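Here are my notes on the model you sent over. Have it open beside you while you read; the points are grouped by topic.

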2 protein chains.
Amino acid sequence: MQVVCLDLEGVLVPEIWINVAERLGVADLRLTTRDIANYDELMQTRLGILAREGIKLTDIRETIQQMAPLPGATEFVNRLQELAPLVILSDTFVQFAGPLMTQLGNPTLFCNELVIDDEGTIHGYRLRQQDGKRRAVEAFHSMNLEVIAAGDSYNDVSMLKEANSAAFFRAPDDIASQFPQFPSYTDYEQLLDFICECIGT
Amino acid sequence: MQVVCLDLEGVLVPEIWINVAERLGVADLRLTTRDIANYDELMQTRLGILAREGIKLTDIRETIQQMAPLPGATEFVNRLQELAPLVILSDTFVQFAGPLMTQLGNPTLFCNELVIDDEGTIHGYRLRQQDGKRRAVEAFHSMNLEVIAAGDSYNDVSMLKEANSAAFFRAPDDIASQFPQFPSYTDYEQLLDFICECIGT
């Protein structure tokens, strides 16, 4: 039996922080792991910016509520779920993902959590675990499941390497070209064909 | 972060083999683990009956296509998926579950598989793994997820014991009374309240 593991941001929904930065008009919230490679340092910087600007969870959620999944993503998820069990593995936070997950039909999502007080101030974050995407694939292997994975960026590579079959989806060329062992797709029809081939249907 | 693990038959959908036996009018297909405790022996008996009666997968699937989830189950699944990631852990076969899973909105399901030839004759079955429900809970723990589980019968007990929080749902009294450590619920509203309490919402 197989399970399909997909990244969320860039694969099914837009990059959340970048959209939040644009919609709230706070330019330095656009920083990503390409600017600050260390994730904890990046998150501490983001939390500092939120504190400086007085931005609370409700502000961010209102912004996210105006966002939509990538065109075609909801239909892709629906079709995929008819073929195989799906688990979305993401580095985002459950409090951010909610409004977008609803639009995707609430597929199963394992991700991280923000630490928030009663007034909605974001004080920190809790990683589910270090290298959580790769370790999820290992855990699925321990359930005797074959894993088919797709993602778009560096933080997906350890998941793709651990999976039985894997592909990039809308990865920047400079990332995809570093890992030529993974096919690279840009539309959902191609990705669905790849998954069907892996499943053998 | 939490994950909710639910049994399928008896919790969200009717018992599949019993319905198939009734609808196909083959009385001895009604046998369950209460009649033949050894699962492999039970399955070999069932496969022998299918061969004797000339029943193919298409016959069984046509029967299952006339079945529906238990009343209220689809709405329960929808509400639950807004609250927490859901994985259904079942001893049924992916080829049987399909038509019912579609009606439930295709939530994530890990189960077993039938071995079928090109003509639709069922030749055998492949367990995902021995004690697969308990081992799935262990795997979720290795992902640093807390597990909330619910099931209705003996084959769920090792899953319930391994979970962080667990309840019976519509379990026969004689089973529930043997494991008084687990609360026992009969309607979805109660089970949802229990799950909300475990999640802390």
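1. In chain A, the centres of domain 1 and domain 2, taken over C-alpha atoms, are 21 Å apart. The domain assignment for chain A gives domain 1 as 2-13 + 71-199 and domain 2 as 17-65; such bounds come from an automatic or database domain assignment. Where the two touch, domain 1 of chain A supplies 20 residues and domain 2 of chain A supplies 14 residues, with contact meaning heavy atoms within 4.5 Å.

2. Some housekeeping before going on. This is a predicted model, so to speak of local features a pLDDT of at least 70 is needed, side-chain atom pairs count only at pLDDT 80 or more, and totals for chains, interfaces and linings use all residues. Residues are numbered from 1 along each chain as its sequence is written, chains are lettered from A and ligands numbered from 1 in the order in which they are written, and side-chain values use heavy atoms, with hydrogens and water left out.

3. How do the two chains relate? Chain B can be laid on chain A with an RMSD of 0.0 Å, by a turn of 180° and a shift of 0.0 Å along the axis. The two copies are thus related as by a two-fold rotation axis. In chain B, the C-alpha nearest that axis belongs to B:A139, at 2.5 Å. The superposition is by least squares on the C-alpha atoms of residues with pLDDT of at least 70 in both copies. The copies meet through the same surface, because 100% of the interface residues of chain B are also interface residues in chain A.

4. Now the sheet in chain A. It is an open sheet of seven strands, in the order 4-3-2-1-5-6-7, with mixed pairing. Strand 4 (122-126) and strand 7 (184-185) of chain A are the edge strands, each pairing on one side only. Strands here are DSSP runs of E with at least two residues, helices are runs of H or I with at least four, and both are numbered from the N terminus. Two strands pair if DSSP finds at least two bridges between them. Strand 1 (residues 2-6) and strand 2 (residues 86-93) of chain A run parallel and are joined by three bridges, and A:V4 stands opposite A:L86 in strand 2 of chain A.

5. Two helices of chain A are worth a look. Helix 9 (residues 188-199) of chain A lies across strands 1, 5 (146-151), 6 (165-169) and 7 of chain A, and runs at about 180° to strand 6 of chain A. These angles run from 0 to 180 degrees between N-to-C directions, with axes fitted to C-alpha atoms, for helices over the stretch in contact. In helix 5 (residues 94-103) of chain A, the buried residues include A:F96, A:L100 and A:M101; buried means under 20% relative accessible area, exposed over 50%, partly exposed in between (1.4 Å probe, protein chains only). The buried residues of helix 5 of chain A pack against helix 1 (16-24), helix 3 (57-65), strand 2 and strand 3 (108-116) of chain A. After helix 5 of chain A comes A:G105, with a positive phi near 90°.

6. Over in chain B, look at strand 5 (residues 146-151). Five of its six residues are buried, so strand 5 of chain B is largely enclosed by the rest of the structure. Strand 5 of chain B pairs in the parallel sense with strand 1 (residues 2-6) of chain B over five bridges, where B:V4 stands opposite B:I148. Strand 5 of chain B also pairs in the parallel sense with strand 6 (residues 165-169) of chain B, over four bridges, and there B:G151 stands opposite B:F168.

7. One loop residue to check is B:L127, between strand 4 (122-126) and helix 6 (132-142) of chain B. B:L127 is partly exposed, with a relative accessible area of 29%. Not counting residues up to four places away in sequence, B:L127 touches B:Y39 and B:N112.

8. Last, the cysteines. The structure holds zero disulfides over all chains, a disulfide being a pair of cysteine sulfur atoms within 2.5 Å. For B:C5, the nearest cysteine sulfur is that of B:C198, 12 Å away, and B:C5 counts as buried at 0% relative accessibility. The sulfur of B:C196 is 9.2 Å from the closest cysteine sulfur, in B:C198, too far for a bond. B:C196 also counts as buried, at 18% relative accessibility.
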